[in-house]
Amino acid sequence: QVQLVESGGGLVQAGGSLRLSCAASGSGFSINAAYWYRQPPGKQRELVAAVFSGGSTYYSDSVKGRFTISRDSAKNTVYLQMNNLKPEDTAVYSCNIDAAGTTGWVKEYWGKGTLITVSS
């Protein structure tokens with residue numbers, strides 16, 4: 001069983017930085033791809049960033065140039081470095097991974113989410 005634990009959320013002033021971590025616990029698996037989503041208050045969830053097994057990345061236009069997604073495969077941990085935060089970045093941020101087991105299984109997992117509030 002794989003569990004995701006997110007950390008690093010909180011309150012920050014506009015222009016500040018935060019780093020989110022998403023640690024996947026368990027054994028016998030690796031992360032094929034990882035995604036960070038966010039859901040602003042009263043809005044739909046949106047994909048913010050992704051990192052794939054080959055190392056390629058994706059960013060939404062709204063965060064490109066300000067956010068950086070990275071992974072530590074040895075620790076099965078994914079990070080989202082967020083710089084120059086804006087009030088419109090306020091949202092619940094959730095981690096999502098595509099995990100692959102050594103015995104051939106593939107499954108998607110979600111973290112519970114962490115709130116980021118950016119004050120103006």
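# Reading loops, sheets and a core

Trainee: Where is asparagine 76 found?

Mentor: Asparagine 76 is found in the loop between strand 7 (67–72) and strand 8. Strands (E, at least two residues) are DSSP runs, numbered from the N terminus. One caution on the source: this is a predicted model, where local features need pLDDT of at least 70, side-chain atom pairs count only at pLDDT 80 or more, and totals for chains, interfaces and linings use all residues. Residues are numbered from 1 along each chain as its sequence is written, and side-chain values use heavy atoms, with hydrogens and water left out.

Trainee: What is the phi of asparagine 76?

Mentor: Asparagine 76 has a positive phi of about 50°, although it is not a glycine. Asparagine 84 also has a positive phi of about 50° and is not a glycine. Asparagine 84 sits in the loop between strand 8 and strand 9.

Trainee: Are these two asparagines buried or partly exposed?

Mentor: Buried means under 20% relative accessible area, exposed over 50%, and partly exposed in between (1.4 Å probe, protein chains only). Asparagine 76 has a relative accessible area of 13%, so it is buried. Asparagine 84 is at 42%, so it counts as partly exposed.

Trainee: Which loop holds aspartate 89?

Mentor: Aspartate 89 is in the loop between strand 8 (77–82) and strand 9 (91–101). Aspartate 89 is buried because its relative accessibility is 0%.

Trainee: Which side chain makes a polar contact with the side chain of aspartate 89?

Mentor: Definition before case. A polar contact is a pair of N or O atoms within 3.5 Å; within protein, one must be able to donate a hydrogen and the other to accept it, and residues adjacent in sequence count only if both atoms are side-chain atoms. Here the partner is the side chain of arginine 38, at 2.9 Å. A polar atom of the aspartate 89 side chain also lies 2.8 Å from the backbone nitrogen of lysine 86.

Trainee: Which residues is aspartate 89 in contact with, leaving aside neighbours within four places in sequence?

Mentor: Contact means heavy atoms within 4.5 Å. For aspartate 89 the list is Arg38, Arg66, Phe67, Asn84, Ile116 and Val118.

Trainee: How many residues are in the largest nonpolar core?

Mentor: The general idea first. In soluble globular proteins, nonpolar side chains tend to be buried together. A nonpolar core is a set of buried Ala, Val, Leu, Ile, Met, Phe, Trp, Tyr and Cys residues joined through side-chain atoms within 4.5 Å. The largest one here has 30 residues; Trp36, Leu80, Met82, Tyr93 and Ile97 have the most contacts inside it. Two or more residues come from each of strand 3 (18–25), strand 4 (29–39), strand 5 (46–51), strand 7, strand 8, strand 9 and strand 11 (114–119). Strand 9 gives the most, with 5 residues. Take leucine 80: beyond four places in sequence, its contacts include Leu18, Trp36, Phe67 and Tyr93.

Trainee: What is the order of the open sheet of 4 strands?

Mentor: Two strands pair if DSSP finds at least two bridges between them. The order is 1-3-8-7, with antiparallel pairing. Strand 1 (3–7) and strand 7 stand at the edges with a single partner strand each, so one side of each has no neighbour in the sheet. Neighbouring strands are turned by 15° against each other on average, direction ignored; axes are lines fitted to C-alpha atoms, for helices over the stretch in contact, and angles run from 0 to 180 degrees between N-to-C directions. Strand 7 and strand 8 are joined by 6 bridges and run antiparallel. Serine 70 stands opposite tyrosine 79 of strand 8.

Trainee: Which residues form the covered face of strand 11?

Mentor: In a regular strand the side chains alternate between the two faces of the sheet. In strand 11, Thr114, Ile116 and Val118 form the covered face, and Leu115, Thr117 and Ser119 the uncovered one. Strand 2 (residues 10–13) runs parallel to strand 11, joined by 4 bridges. There, valine 12 has valine 118 as its bridge partner. Strand 9 pairs with strand 11 in the antiparallel sense over 3 bridges, and tyrosine 93 stands opposite threonine 114.

Trainee: Which cysteines does the disulfide join?

Mentor: A disulfide is a pair of cysteine sulfur atoms within 2.5 Å. The structure holds 1. It joins cysteine 22 to cysteine 95, S to S 2.1 Å. Cysteine 22 lies in strand 3 and cysteine 95 in strand 9, so the pair ties together parts 73 residues apart in sequence. The S-S torsion is about -80°, so the disulfide is left-handed. Cysteine 22 is buried at 1% relative accessible area, and cysteine 95 is buried at 0%.
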